[in-house]
Amino acid sequence: KQWYQRRVAITAGMASRDMMNTRDMSRTADSLDLGETVSSTPDPTPRPPPLVVIIHYLSFSPDAFFVVEGQVEQVFVEYKLLNVDPADTETPGSVKVTPNTKLNFNFRKTFYIERETEDWRLLKDIVNNSAEKKITFTVVSDPGDDTDAECSNLCRASVDLPVTEDIIEEELPLLGDINGETVGMLCVTIETMSAIRALT
């Protein structure tokens, strides 16, 4: 994973701008990033119902250890979903660490799970309670232009992948990696029901 890659700093004032990205589990799909079309070639094959994950915003407590120490200037978020590489799910930009403030990402990612693929079978196992349901979001420090510094995990939030109803703008507690204490909140949406209904 190329941690040295420079990221675009996104301030809290950019709440109105959605960052959309699309990934197909078994074939290349058109994608949108910051409103710019990457590929305009039409895909004649009907897509399966989508599974959608949205990272709306996060907020930090003023007494969070990394806020008090003042050593972290900006952060991004990544998550583990099915067999997707976390590098493919991380937010394309970072936000500045500001306590008691909603730090907006509005990062939407859409997954199309093709039938009989590994992810399709894993999702079926999750629905049948024979596989781990938990999806974990990790907040990671971003060293920015300092190529000598490394990213580090600061805190994380976990929730079971919904199998009976979608999760809509739910705030999840962020637990610090060092002390396990609540250091903030992360607001997410996870829409799975369309994809789950298509499993049968």
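Tutor: Rings of Phe, Tyr and Trp (its six-membered ring) pair if their centres lie within 6.5 Å, and planes under 30 degrees apart count as stacked, over 60 as edge-to-face and the rest as tilted. This is a predicted model, in which local features need pLDDT of at least 70 and side-chain atom pairs count only at pLDDT 80 or more, while totals for chains, interfaces and linings use all residues. Residues are numbered from 1 along each chain as its sequence is written, and side-chain values use heavy atoms, with hydrogens and water left out.

Student: How many aromatic pairs does a search of the whole structure find?

Tutor: A pair of aromatic rings is described by the distance of the centres and the angle of the planes. With those criteria applied to the whole structure, the number of aromatic pairs found is three.

Student: Which kind of pair do the rings of F60 and F66 form?

Tutor: The centres of the F60 and F66 rings are 4.9 Å apart and their planes stand at 85°, so this pair is edge-to-face. F65 and F66 also pair, with 5.0 Å from centre to centre and 85° between the planes. F60, F65 and F66 form one aromatic cluster, and the kind of pair asked about, that of F60 and F66, is edge-to-face.

Student: Is F65 buried or exposed?

Tutor: Buried means under 20% relative accessible area, exposed over 50%, and partly exposed in between (1.4 Å probe, protein chains only). F60 has 2% relative accessibility and therefore counts as buried, and F66, also at 2%, counts as buried. F65 has a relative accessible area of 15%, so F65 is buried.

Student: Where is L81 found?

Tutor: L81 counts as buried because its relative accessibility is 2%. Leaving aside residues up to four places away in sequence, L81 touches L51, V53, F111, I135 and L161, where contact means heavy atoms within 4.5 Å. Its C-alpha atom is separated by 8.5 Å from that of K134, 53 residues apart along the chain. L81 is found in the loop between β6 (74–80) and β7 (93–96).

Student: What share of the contacts with a separation of 6 or more joins residues 24 or more positions apart?

Tutor: The protein chain has three helices and 12 strands, and 45% of its 200 residues count as buried. Among contacts in the chain with a separation of 6 or more, the share from residues 24 or more positions apart is 63%.

Student: What is the phi of E116, roughly?

Tutor: Most residues other than glycine have a negative phi, and most peptide bonds are trans. E116 lies in the loop between β8 (103–112) and α2 (118–127), and at 47% relative accessibility E116 counts as partly exposed. Although E116 is not a glycine, its phi is positive, at about 65°.

How values were computed:
Helices (H or I, at least four residues) and strands (E, at least two) are DSSP runs, numbered from the N terminus.
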